Amino acid sequence: MVTSRYAIAWVYDYLLNNHALTRGVRLFTITPGKSIMTTTTSSLVHSPTFLKGDEFSIDTFALLKQDGSLFEGAVAPDLDRDKALRIYHAMVFTRVLDERMLAAQRQGRLSFYMQCTGEEAAVIGSAAALDDQDMIMAQYREQGALAYRGFSCDEFMNQMFGNARDYGKGRQMPIHYGSAELHYMTISSPLATQIPQATGYAYGQKLAGDGHCTITYFGEGAASEGDFHAALNMATVHKVPVIFFCRNNGYAISTPAVEQFAADGVAPRAFGYKMRVIRVDGNDVLAVYQATMEARRLAVEHNQPVLIEAMTYRLAAHSSSDDPSGYRSKKEEEAWREKDPILRLRRWLESCQWWNDEEEKALQERLRREVLETMKVAQKRPAPPLESLVTDVYDTPTPQLNEQLAKLQAHIRLYPEAYPKSAAQCSTEPSAQMANSSGTENGQGGH
Ligand SMILES: Cc1ncc(C[n+]2csc(CCOP(=O)(O)OP(=O)(O)O)c2C)c(N)n1
Ligand SMILES: [Mg+2]
């Protein structure tokens, strides 16, 4: 962990010191004691030929047809019944959670929600191919990976309701989950920041030599950020064990992929960095699983970073604040609904005699009940203590923070009916912490 924190710091240092604008674009590699060499082995040609880059197209790796049978010549990955069912349960749980929490948002119980609907195979199939100790740095639509790792329904709910049991102490919007125990970096909304962080973290893993890698998830929209390019470049230059997993779900909010880039998706960008790349049918959980297994092997055994582009579709709205009817047709959505990744896996499980209608019914009922009951309990839990607003920011709260807390407490005492009861209770007396460290020491505060 410590090594990796240093490695993330190293990423920012690298970005500051090696940015093309500050150093000039480096065309030469200088090897001490040797002559200056170019970084290319390019041959000389004597007529001006411009390459288009679309001389070959990137194929899509697929194993499973929508009816649950394998394509001719396709071989299912080595997946036993227990693991296949663990994947399936996480996919169904994610779908049930999404449906219920969107409804909760519509009922006014929750301020915000984002669904993974339609992308469960991409997210969970890839998470299942990792070691549970590998690091996950996600964007925000990858709750399925966390569910697969074992984040409980209660833990999801506590985060979403920002109650006293939320690991983030209610400081973040719903869906900003994280778990140190499950090696899942807390979500942060500014797009693509997790991508260079993943390179840095994986560099730390390489230095630590612990045999683990990092996977970072991001949308095709986030891949337009400069952070994406810096991350890929650093990863190949420094040979770090990182998997870049792009969920190409067709949209960045309302902007369709065709209006985001003219190229053949995101995959060809890997060539610019001499990185291994594979495109996979993101609704085919077996193909995603196998591709990610192989990517992990390359990363861990050869320190070879890999880009995976999973072709999928965001079946739901971007978030609970979005209405896709303004920018895409029902017909398009229906066509993708026909490719439902959960149904595809269910049919395969049935063909293996590992699943049946009765088990399906029981699972659906159990998960719906669990989600509903856990939500009701989490919603009623008290909010985090008011003082927690100023703790954890610095080692000890600064006089300014304590002053702000005191003002807030005074405000709550004036208008107790506008705040949760737990906040009003905390505000009957100025906090002990406040009394200890507020004031005008160091000449700050107290004005
Ligand atoms: C730096 C930054 N710019 C813009 C936004 C606003 N924003 C949030 S999500 C989003 C679209 C992202 O699309 P994509 O990466 O394809 O992920 P998807 O939502 O499709 O899963 C945008 C533009 C942001 N959060 N951060
Ligand atoms: Mg997208």
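How many helices and strands does the secondary structure of the protein come to? In this predicted model, the protein has 16 helices and nine strands, both taken as DSSP runs numbered from the N terminus (helices H or I, at least four residues; strands E, at least two). Local features need pLDDT of at least 70 and side-chain atom pairs count only at pLDDT 80 or more, while totals for chains, interfaces and linings use all residues. Residues are numbered from 1 along each chain as its sequence is written, and chains are lettered from A and ligands numbered from 1 in the order in which they are written.

Of the 447 residues in the protein, 39% are buried (20 or more other C-beta atoms within 10 Å of the residue's own, with C-beta atoms placed from the backbone). Contacts (C-beta atoms within 7 Å) between residues at least 6 apart in sequence join residues at least 24 apart in 75% of cases.

Helix 3 (residues 81-106) has 26 residues, which at 1.5 Å a residue should span 38 Å; the end C-alpha atoms are 38 Å apart, in agreement. The expected span is 1.5 Å times one less than the number of residues. Just after helix 3, Gly-108 adopts a positive phi of about 85°.

Helix 4 (residues 120-128) packs on helix 10 (residues 285-302) at about 40°, with the axes 8 Å apart. Helix 4 contributes Ala-121, Ala-122, Gly-125, Ser-126 and Ala-128 to the contact, and helix 10 contributes Val-285, Val-288, Tyr-289 and Thr-292. Six of these residues are nonpolar, three polar and none charged.

Helix 7 (residues 194-208) and helix 8 (residues 226-237) have axes that come within 7 Å and cross at roughly 15°. The two helices are therefore roughly parallel, and the crossing is left-handed. Ile-195, Pro-196, Ala-198 and Thr-199 of helix 7 meet Asp-227, Phe-228, Ala-230, Ala-231, Met-234 and Ala-235 of helix 8. The contact divides into eight nonpolar residues, one polar and one charged.

Met-311 lies in strand 9 (residues 306-311). Met-311 is buried, because 24 other C-beta atoms lie within 10 Å. Neighbours within four places in sequence aside, Met-311 is in contact with Thr-60, Asn-248, Arg-279, Asp-281 and Gly-282. Glu-220, 91 residues from Met-311 in sequence, is 9.8 Å from Met-311, C-alpha to C-alpha.

Key:
Buried ≥ 20, exposed ≤ 12 C-beta atoms within 10 Å, placed from the backbone. Contact = placed C-beta atoms within 7 Å. Axes fitted to C-alpha atoms, helices over the stretch in contact; angles between N-to-C directions. Nonpolar A, V, L, I, M, F, W, Y, C, P; charged D, E, K, R; others polar. Parallel < 35°, antiparallel > 145°, perpendicular 65-115°, else oblique. Left-handed = near helix turned anticlockwise from the far one by under 90°.
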